[in-house]
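Let's take a walk through this structure together. Have a look at it first, and then we'll go through its parts one at a time.

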Amino acid sequence: MPAAPLAVQPPLDGVKPYKSLSNEELHARIQAVRDELGPKLLILGHHYQQDEVIELADLRGDSYQLSQMAADSSDCRMIAFCGVHFMAETADILANRPEKLAERGGRRVTVTLPDLAAGCSMADMAAIDQIEDAWDQLSEVIDTTRLIPVTYINSAASLKAFVGRHGGIVCTSSNAKAAIEWAFNKSNGGKGGDRVMFFPDQHLGRNTAMGMGIVNELMPVWNPHEQELGGNTEEAITASKVILWRGHCSVHQMFKAEHVELFRKNHPGIQILVHPECPQEVFELADQSGSTGAIIKAVREAPAGSKWAIGTELHLVNRLKQEHPEQEVHFLSPVVCMCATMYRIDLAHLCWTLENFAAGTPINVIEVDEETARWSLVALERMLEVK
Ligand code: 13P
Ligand code: SF4
């Protein structure tokens with residue numbers, strides 16, 4: 001049923017007036033737009049979003065699940081992506097891929113990111129010109145036709161397109177192992193490579209490859225700020241199995257081995273559960289690891305009375321604490337580790353974006369150019385195939 005007309009005409013021109021509204025007012029106005037637009041609007045929320053945003057999301061998930069949701073969306077006209085920039089780009093590419101456009105008679109889904117400043121510091125650690133430069137330098141030393149690029153989904157669309165053009169694949173934290181196996185030939189029609197170049201997160205790349213039996217000595221780290229071979233010798237590059245990029249998540253980098261040791265000492269029987277973006281020493285000490293979706297599943301399925309110290313973004317851990325009072329859930333670090341850019345998405349920005357869309361003046365639209373989208377899609381479709 002359509003919502004009653006709003007008593008106050010929304011100020012549409014900028015987010016500032018929305019900032020003075022209470023969360024109750026914003027919630028009611030967002031709900032009014034949801035009622036008005038019905039299935040035309042899909043609000044997607046990443047697990048790291050703050051609670052008041054997550055409450056209003058139609059669907060929530062980790063990066064892999066959200067990509068699938070965007071890929072499967074059919075009726076909607078707009079996706080409001082409550083996450084960060086690379087996720088909204090991915091949603092635009094998948095929701096507007098050629099077969100979906102054909103189904104909708106050419107009509108595009110408008111993808112918006114409520115605050116355009118919601119980026120990802122890790123994604124910003126690898127720029128396309130740095131990747132191209134690294135590739136050119138590597139081609140002087142090794143056969144790059146046998147080097148398979150794998151990019152973490154936390155990267156700009158231009159990197160995904162690079163990977164698509166060079167026979168590579170995108171991965172998320174939930175399918176990184178399958179993606180690296182794919183790159184080494186397990187299932188890509190015999191075209192696997194001798195080695196993989198993994199960017200931008202060195203930790204996810206290293207932790208995953210270590211789990212596949214690849215030792216640190218075969219994983220040189222490419223520092224894009226070093227002039228020659230990313231600070232490596234020719235011998236190290238020639239001997240390598242996985243070339244890692246010197247990037248990291250500033251949130252997950254804050255978890256330390258001593259935090260694990262302290263919890264084990266003070267809470268006998270506690271299980272340490274971490275995201276694979278954590279550094280190797282933390283990852284190796286943990287009892288379990290997984291994507292945000294896998295972390296939620298592990299806690300949900302554990303028997304009452306289980307004790308956890310969880311190493312991932314603060315909002316998700318706090319939500320798990322609230323949703324599972326039958327278990328003892330702790331945050332692994334004594335200091336606050338939250339994703340400041342995810343946190344930029346608040347009710348004020350969401351309301352501003354939705355009311356503009358309802359008024360026919362979409363703002364904060366993320367639209368990937370056709371050529372970049374075409375090649376990114378090649379690598380993203382491979383990602384959705386391997387699990
Ligand atoms: P997942 O959603 O894949 O667990 O990744 C976490 C993350 O850092 C999102 O940016
Ligand atoms: Fe990027 Fe880390 Fe934030 Fe994820 S948690 S969006 S990797 S900065």
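On a 1 Å grid over the protein atoms alone, a pocket is an open set of points with protein on both sides within 12 Å along at least five of seven lines. A molecule sits in a pocket if more than half of its atoms lie within 2 Å of its grid points. With that in hand, the space taken by ligand 2 is the largest pocket, and ligand 1 takes up space in the largest pocket too.

Some housekeeping: this is a predicted model, where local features need pLDDT of at least 70 and side-chain atom pairs count only at pLDDT 80 or more, while totals for chains, interfaces and linings use all residues. Residues are numbered from 1 along each chain as its sequence is written, ligands are numbered from 1 in the order in which they are written, and side-chain values use heavy atoms, without hydrogens and water.

Who sits around ligand 2? Going by a heavy atom within 4 Å, you'll find Y48, V84, C120, S121, M122, N154, C249, V251, E277 and C339. Seven of the shell residues are nonpolar, two polar and one charged.

Now for ligand 1, which has 13 residues around it, the closest being H46, S63, S173, H275 and T292. That shell counts four nonpolar, seven polar and two charged residues. Look for polar contacts (pairs of N or O atoms within 3.5 Å): a polar side-chain atom of H275 is 2.9 Å from an oxygen atom of ligand 1.

Finally, zoom out: the protein is divided into domain 1 (16-119 + 343-368), domain 2 (123-249) and domain 3 (252-331).

Methods
A polar contact is a pair of N or O atoms within 3.5 Å; within protein, one must be able to donate a hydrogen and the other to accept it, and residues adjacent in sequence count only if both atoms are side-chain atoms. On a 1 Å grid over the protein atoms alone, a cavity is a set of points where a 1.4 Å probe fits but cannot get out, and a pocket is an open set with protein on both sides within 12 Å along at least five of seven lines; lining residues have an atom within 4 Å of a point. Ala, Val, Leu, Ile, Met, Phe, Trp, Tyr, Cys and Pro count as nonpolar, Asp, Glu, Lys and Arg as charged, and the others, Gly among them, as polar. Domain bounds come from an automatic or database domain assignment.
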